[in-house]
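Please keep the sequence and the 3D view open as you read.

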Amino acid sequence: MNAARKPWEERSAALVVAPARPRKLAKVPFVELADGRLQGVVSSGSDIERVYVSSLTAANHSFHCSTNNNRPCGGIRRGGCNHLRALADEAVLQYGVERVARYVRAEVAEDATTGAAVLAAADPWHEPSAGAPVFSRFLRHLAYLELAATTEPLPELHWFPAGGAVR
Amino acid sequence: MRFDLLAAPVDGVSEAYEVVAGFDGALVGGLLRPGAEQIAALHALAAAVSGTPLAGRVAEAVDKTIAGSISDEHLAALVAARSALLGASHDALLARLDEAAGRGREPWPAAGLGSLTGADNLLAAARSWLSDLAIAGWRGIDHDLVSHADQAVQALLADLRLRRLGALLDGFAGELRACAPGATMPRVPVRRWADLWARAVLLAQPGALASTEVGTVSGRLLPLGVDLHEHPTAVQAQVHAVLETADGPRLVRASVSTPKVDTLVGSGVWQLLRGHSALLAAVTEQRAMDLTDMPVTAGGDLIWSDEHTKAGAPAEPFATARVQLAAASAAPVPPLERHPVRIAEPVLLEGYTAAADDDGVTLTLPGLTVEVDVERMHSAGPLTPALVAASTACIGLLRWDGHWTIQPLAVEAQVKRKTVAVHAGAWAGGAADAAGAKAEAAAADAAKVLRERAGRLLRR
Ligand SMILES: [Zn+2]
């Protein structure tokens with residue numbers, strides 16, 4: 001026989017965060033659950049030089065949407081704007097509805113499947129804040145692809161097994 | 001292989017882990033104001049190393065921590081004590097594994113210390129963040145504290161000499177960010193975060209990441225399989241192989257890694273790595289590679305560079321495992337890597353009974369029932385837990401995380417009354433089937449979108 005499996009708390013390689021799921025990035029190149037917000041960047045449909053920075057704050061369900069040049073979004077209504085809706089939809093694709101709803105503290109029905117359901121439960125109200133920190137998170141995200149590969153071993157990555165065969 | 005030897009506990013390991021668990025528990029609430037239980041745990045840590053050269057410094061660090069005046073230097077001493085206990089556990093476990101496998105292992109050479117210049121400020125920034133974490137404790141982390149690591153991580157990643165620390169801190173900070181604020185976390189990954197934190201403190205010490213001496217090696221390289229590591233912003237493929245040298249067969253590893261973004265996952269990650277190592281294509285084609293003067297570390301890691309290689313003859317991993325693995329000698333583990341999580345020893349398992357239930361898959365061998373580490377099985381290849389459950393032979397990595405497990409790299413299984421071999425790394429050089437090709441194309445698309453966005457927005 002072999003000793004029994006240790007509880008999650010006592011395992012070095014315990015899985016803490018499930019890997020993101022792949023999705024198409026053309027419309028929403030960046031979304032994350034971070035800094036207490038669902039936040040990300042939505043490409044403008046009309047101007048390829050412009051992106052919208054949108055976020056929904058978990059603590060009070062306020063939302064923000066502006067361009068990367070800090071112009072306010074023209075489509076803001078009670079409950080969000082098109083960019084926030086696109087962001088919520090893509091977040092659900094990337095993380096699953098349960099994790100998104102839990103992070104933004106939206107009480108969705110058990111059979112909820114969409115970003116719209118999360119927004120309906122959160123009922124976001126508009127409060128202009130700074131879009132710059134989210135935009136700089138996006139730039140930081142993009143910069144990862146510019147970093148060089150290496151063939152020197154990274155032994156610390158033994159703590160980070162690639163997963164996904166079973167969920 | 002004497003599997004029965006793995007069934008018995010290894011002397012001292014559970015005692016070492018008990019002491020470590022006490023210290024790790026103290027990190028949950030933070031080291032600023034340790035309570036009675038935490039103070040007892042710190043004393044136990046000092047007592048555990050009291051017969052070693054660390055004794056004086058650890059005892060002082062414990063006193064200062066209890067008195068509420070902890071410094072970077074004291075934290076380093078506490079981490080040294082914890083690492084010594086886990087390092088000793090690693091050594092004892094690996095010695096047992098070597099005994100069971102009849103595997104010879106070279107001793108660690110007494111090597112001169114290299115140097116690392118121009119990194120002092122960055123390492124100090126990393127240490128300062130790690131100190132703040134230890135003082136706050138996992139329950140005390142918030143978004144602000146976590147994001148304080150961002151600048152240092154970016155700079156560490158950009159400097160290849162410091163990539164190890166950068167990739168570690170980045171993966172660690174990503175988990176903290178996803179879980180913050182700590183006060184409302186339903187459960188805390190106590191062992192894991194203490195591990196990641198402690199290794200980061202070690203690597204952030206001056207000189208820890210200094211370059212080490214590298215030799216060269218020549219011979220025919222016969223791949224056994226690929227171990228894939230990944231966190232949201234990094235991926236590493238580590239090929240385990242037998243190298244036929246003039247002095248006999250040796251076990252070696254060849255790694256390739258790159259930073260990435262979290263939306264590039266699954267079989268999409270191979271294309272990020274392929275261009276940097278022809279070995280990945282050789283794995284898919286099941287070919288050997290002929291190496292001439294390939295750089296190699298004392299720890300058995302090839303520092304891969306395609307210019308030292310030539311494509312070789314066909315080589316089937318199960319044939320390699322059956323003919324060469326038992327006689328191959330293993331490399332010693334570098335001192336700063338000694339931790340049970342680093343144990344990943346290639347073995348061939350045959351003649352077992354596989355069973356699957358809700359809890360996972362197990363392989364019953366003479367004298368040992370070993371659990372298949374399904375959490376280390378990924379979706380970037382065709383090997384699935386179900387195939388392992390239907391298998392008759394397995395090339396895998398023996399690992400230890402509280403108990404022995406096997407991480408399959410390849411299996412032979414009966415499919416439609418024929419024995420077929422399925423490899424976890426089969427798609428490393430290119431996907432063979434429609435589903436894999438589709439996933440690759442989607443990932444290529446995603447990377448293209450991000451590069452286009454970077455081209456428009458990043459260089460402003
Ligand atoms: Zn908007």
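## Salt bridges between the chains

A salt bridge here is a side-chain nitrogen of Lys or Arg within 4 Å of a carboxyl oxygen of Asp or Glu. With that rule, eight salt bridges are found across the interface of chain B and chain A. One to look up joins the side chains of B:Asp150 and A:Arg140, with N to O at 4.0 Å.

This is a predicted model, in which local features need pLDDT of at least 70 and side-chain atom pairs count only at pLDDT 80 or more, while totals for chains, interfaces and linings use all residues. Residues are numbered from 1 along each chain as its sequence is written, chains are lettered from A and ligands numbered from 1 in the order in which they are written, and side-chain values use heavy atoms, with hydrogens and water left out.

## The rest of the interface

Between chain B and chain A, 30 residue pairs are in polar contact, both residues being at pLDDT 80 or more. A polar contact is a pair of N or O atoms within 3.5 Å; within protein, one must be able to donate a hydrogen and the other to accept it, and residues adjacent in sequence count only if both atoms are side-chain atoms. On the side of chain B that touches chain A, helix α9 (residues 163-179) of chain B gives the most, with eleven residues. Helices (H or I, at least four residues) and strands (E, at least two) are DSSP runs, numbered from the N terminus.

How many residues of each chain are in contact? The count is 89 residues of chain B with 66 residues of chain A, where contact means heavy atoms within 4.5 Å. The area buried between the two chains is about 7400 Å², and carbon and sulfur atoms give 60% of it. Buried area is the accessible area (1.4 Å probe) that two parts lose on being put together, summed over both. B:Arg192, B:Glu375 and B:Leu457 supply 9% of the area that chain B buries against chain A, more than any other three residues.

## The zinc site in chain A

Which residues coordinate the zinc ion? They are A:Cys65 (SG), A:Cys73 (SG), A:Cys81 (SG) and A:His83 (ND1), at 2.1 to 2.4 Å. Donors are N, O and S atoms within 2.8 Å of the metal (3.2 Å for Na, K and Ca); water is not among the atoms, so sites may look incomplete. Along the chain, the donors follow the spacing C-x7-C-x7-C-x1-H. A:Cys65 lies in strand β4 (residues 62-67) of chain A and A:His83 in helix α1 (residues 82-95) of chain A, so the pair ties together parts that are 18 residues apart in sequence.

The site is tetrahedral, with angles of 102 to 117° among its four donor atoms; four donors count as tetrahedral if all angles lie between 85 and 135 degrees.

## Chain A as a whole

Chain A has four helices and five strands, and from the N terminus on they run β-β-β-β-α-α-α-β-α. Its C-alpha trace spans about 65 × 45 × 25 Å along its principal axes.

## Backbone details

Most residues other than glycine have a negative phi, and most peptide bonds are trans. In chain B, a cis peptide bond joins B:Ala180 and B:Pro181, with omega about 0°. B:Pro181 sits in the loop between α9 and α10 (190-203) of chain B.

A:Asp35 has a positive phi, near 55°, and is found in the loop between β1 (30-34) and β2 (37-43) of chain A.

Methods: Four donors count as tetrahedral if all angles lie between 85 and 135 degrees; four count as square planar and six as octahedral if opposite donors are over 155 degrees apart and all others between 65 and 115; anything else is irregular.
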